[in-house]
Amino acid sequence: MAAGSAAALAFLTHESRARAGNVGSLRAPAPVTMDSFFFGCELSGHNRSFTFKVEEEDDTEHVLALNMLCLTEGAKDECNVVEVVARDHDNQEIAVPVANLRLSCQPMLSLDDFQLQPPVTFRLKSGSGPVRITGRHRIVCINNDLSEDDSEDEDSDEEEVKLCGILPAKKHRGRP
C-alpha cells in the first residue's frame, strides 16, 4: 500500500511540523484521517464467492488487508483452493489462487496483511469449505478543502515564529 504508507508518512510529517511550530515556512499538508475496521467472510459449498466493494468517494482510499484464511468447523479433509479476483496495474481482471487448505496438513494460512484494492472477489475454486477469511478494512481520508481563513492564520503563525539562538554551555569552575 504505497499510497496508504505515503498518507501515514504525511500524517507523521504533519505532526512533526505542528510540534516544531511550522518553522522554516513549512506548510502542513492536508489533514489525514485513518480508520480501520475488522473484515470477515466465509466461503462454503452454499456460498462459493464473496465480493468486497466500496462506494467511490472523492478523498478516500480503501485498502483490504488480509490476515488469515482458515478452515472452520464442519470442513472435510479435502483440498480447498481460495482464489482472489482483482484488477492489475493495467486495470485488467486477474484471478490468483492464494491458498490451498487441507484439514489434515494445513488448516490455516497467515497472509500477514496482504493488501488489496477494492473491488475484490474471493472464490472457493475447489473444495466445500467452510473457509473463513479475516482481515482489516482500512480507510484513509485526505481533506484538501482549506478555507482562505486557514491559510491566513498559517501565514500569521509563520511570521510570529522567532528562532532563539543556541547558547553555549556555562563553565563551572571548581567542579570536577
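**Reading burial, elements and contacts**

Modeller: Of the 176 residues in the protein, 26% are buried, where buried means under 20% relative accessible area, exposed over 50%, and partly exposed in between (1.4 Å probe, protein chains only). This is a predicted model, in which local features need pLDDT of at least 70, side-chain atom pairs count only at pLDDT 80 or more, and totals for chains, interfaces and linings use all residues. Residues are numbered from 1 along each chain as its sequence is written, and side-chain values use heavy atoms, with hydrogens and water left out.

Colleague: How many helices and strands does the protein have?

Modeller: Helices (H or I, at least four residues) and strands (E, at least two) are DSSP runs, numbered from the N terminus. Here there are two helices and eight strands, in the order α-β-β-β-β-β-β-β-β-α from the N terminus on.

Colleague: Is Thr60 buried or exposed?

Modeller: Thr60 counts as buried because its relative accessibility is 19%. Thr60 belongs to strand S3 (residues 60-71).

Colleague: And Pro97, buried or exposed?

Modeller: Pro97, in strand S5 (residues 93-101), has 56% relative accessibility and therefore counts as exposed.

Colleague: Which residues is Pro97 in contact with, leaving aside neighbours within four places in sequence?

Modeller: Contact means heavy atoms within 4.5 Å. On that basis, Pro97 touches Val81, Val82 and Glu83, while Thr60, with neighbours within four places likewise left aside, meets Ile139, Val140 and Cys141. Among contacts in the protein between residues at least 6 apart in sequence, 78% join residues at least 24 apart.
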